[in-house]
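Keep the structure open beside you as you read.

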Amino acid sequence: MASKEKWGTRVGLVLAMAGNAVGLGNFLRFPVQAVQNGGGAFMIPYFVSFLLLGIPLLWVEWSIGKYGGIFGKHSTPFMFHQMNKKWLWKYVGVFGIFTNLAIASYYSYIESWTIAYVYHSIVGTFSSMNQHEVAGFFSNYLNVSSATTGIPYESIVFFLICLSINIWILSKGLSGGIEKASKIGIPLLIIFGIFLAIKALTLKAGHEGAINDGLAGLNFLWTPHFDSLANPKVWLAAAGQIFFTLSVGMGSIQCYASYLREKDDVALNGMAAGWTNEFIEVIIGSSIIIPIAIGYFGVDKVVDLVQLGGLGLGFKTMPYLFSQWGPVLAAIAGAAFFGLLFFAGITSTLAMGQPVMAFLQDEFSWTRKKSALAFGFAILILALPTIFFFEYGVFDEYDYWAGTVTLVVFAMLEVILFSWVFGMGKGWKILTTGAEIKIPSIYKFVMKYITPVILILVFLGALVRPEKDDWSTLFSTKYALHEESILGKILNKSIKYNKEYIADTYYAEWDGTITNVSNKSIIVTDLQGNQHPIELSDKDKPIVQVNQQIKAGDALYSGFIVNHILWITLSRLLLVSVFILIAWLVRKAYIKQKHALL
Amino acid sequence: MNGTALIFMLISEGIIAFVTIYFFMKVLRSKKGFNQEDESKND
């Protein structure tokens, strides 16, 4: 039985769609990508990608959703089946449920960190800490058994609170839950963002411990390095940023759009939501973390810090920088910054919940509350490995396969379905019916040829990405796979020495010096000065001594060792199993539908 | 800020701000009906 839910207001729909797109990446990923890929010059490939990849994909997904909704289909397997009856397409549509489930499971965990950090900012946990201690706090927080607040299993407690909020909002329905949350969350997020941006840009060198003006950060971020435009890596990074910031290739846009009617506009709504995301990303996102970090650390250190990625910069560094503003302002700024990230996160996880719930409601006639609880339960089960085995790389595996690779694959296939299999003529009619803006007809050509080609190139680029991103080696004997390429990941290129699932000896992964040996741990300090602590169990026996120089591949200790590769392999198997389970449910629902028609 | 960085920032942010406000205002001013069915129909 198809759900009869509808959006309450048009602004609510646009804000919910914008909330789906606006995520932590707008504030943490975009500025780091811009800094690493040409500064101001990054905006050239960024805009080109938005015009040729982002906008067409938004329109394709809104149109697919509206078309599915006409037939009462709110989940991608059956939307795709409605577009083409060949068996393949409904299984391609499985990605539109799978990615939401898998991404929500680790994304809601990150979201729960923001709640914890709002709490710690308000109670002043960070006020007496130095920068090293703030960074250490984050590592302790992720260690499930530690209790930074005195609450046992604190990170799990905050995760359960976060999950409960999500389930509660989802159980209130589309207009009563998601739409209301977006109408509150997005304006608050913008207000918090503007407050932080003003504070960042008015930083004065010599005041409150700052060594640079806040504007020096904007200067650093926006100074264009035109030579970067010749590097394919920069173009791939821009395409990737546009792709991930708009939350395309997930199935959530299609799901939200499926609650529209046949004559409702999708062209203007899609643009309003997409550009709102850009406004928040480029204007607000670029004005917070980089200006503040440059203000306190200077350019050289920030260049090093961005190597940690946005999450590292946000959670390991920002609380320390806010603490320079005095206890009251630090509490307000911390609550505003992590509150902003929370609203960015929750409006996205709600969008991930709806496709899963819609599938259960449409195909198995489950109630909204039962579907919301089922979604929450599935997230809890899938999230536990990322929480307990975070340090073993399980979280990163989820992010890589579910949050990166499958999105590109799904988008590539759906745009081919829309433009080639379903047909551009029919697709264009759906897009333009009820449209309140005139869509340039060049976009027919872009959707049919340019966007699929870009997506195929992005996919192939990710598949065979060369070591050090040196594309000049691609067809030469010097070519080697990057460890983050898809093939490199499958071949476990990042794991060089501890390749057995279970072993009796653990080998060093770095050249360096042994700086500490005890019954509980060995600390290796690598040649760059980074410390790598290795925890030992009671039965493990160190076979190195303090101050001993070691090379990667040297034995460090013996015992019963379960290597990270085992957890990584198990997490991949878990994700594949989830995909197969959803495909099985889709098949079951399809057979049920066929029998009902007979 | 140096001149080139400022120009890049103003152009990029200016375009984005203008287009976002333009589309958003168009949505707000639209007189077209939207999902006008009675909300009590929602399950």
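**A guided walk through the model**

In chain B, 35% of the 43 residues count as buried (buried is under 20% relative accessible area, exposed over 50%, and partly exposed in between, with a 1.4 Å probe and protein chains only). This is a predicted model, in which local features need pLDDT of at least 70 and side-chain atom pairs count only at pLDDT 80 or more, while totals for chains, interfaces and linings use all residues. Residues are numbered from 1 along each chain as its sequence is written, chains are lettered from A and ligands numbered from 1 in the order in which they are written, and side-chain values use heavy atoms, leaving out hydrogens and water.

Chain B has one helix and zero strands (helices are DSSP runs of H or I with at least four residues, strands are runs of E with at least two, and both are numbered from the N terminus).

Now for helix packing in chain A. Two packed helices are described by the angle between their axes and the distance between the axes. Helix H4 (residues 43–70) of chain A and helix H12 (residues 232–245) of chain A have axes that come within 9 Å and cross at roughly 40° (axes are lines fitted to C-alpha atoms, for helices over the stretch in contact, and angles run from 0 to 180 degrees between N-to-C directions). H4(A) is therefore oblique to H12(A) (under 35 degrees counts as roughly parallel, over 145 as roughly antiparallel, 65 to 115 as roughly perpendicular, and the rest as oblique). By class, their contact has 12 nonpolar, four polar and no charged residues (Ala, Val, Leu, Ile, Met, Phe, Trp, Tyr, Cys and Pro count as nonpolar, Asp, Glu, Lys and Arg as charged, and the others, Gly among them, as polar).

A second pair is helix H11 (residues 214–222) of chain A and helix H15 (residues 289–297) of chain A, whose axes come within 7 Å and cross at roughly 120°. H11(A) passes H15(A) in a right-handed crossing. On the H15(A) side, the contact is made by A:Ile290, A:Pro291 and A:Ile294 (contact means heavy atoms within 4.5 Å).

Let's zoom in on single residues. Is A:Ser112 buried or exposed? A:Ser112, in helix H7 (residues 95–123) of chain A, counts as buried because its relative accessibility is 0%. Among its contacts beyond four places in sequence are A:Tyr141, A:Phe158 and A:Cys162. A:Phe418 lies in helix H20 (residues 394–421) of chain A and is buried, with a relative accessible area of 1%.

Finally, look at the backbone. Most residues other than glycine have a negative phi. A:Glu208, however, has a positive phi of about 50°; this residue is partly exposed, at 36% relative accessible area. A:Asn492 likewise has a positive phi, of about 55°, but is buried, with a relative accessible area of 14%.

Definitions and conventions
Left-handed = near helix turned anticlockwise from the far one by under 90°.
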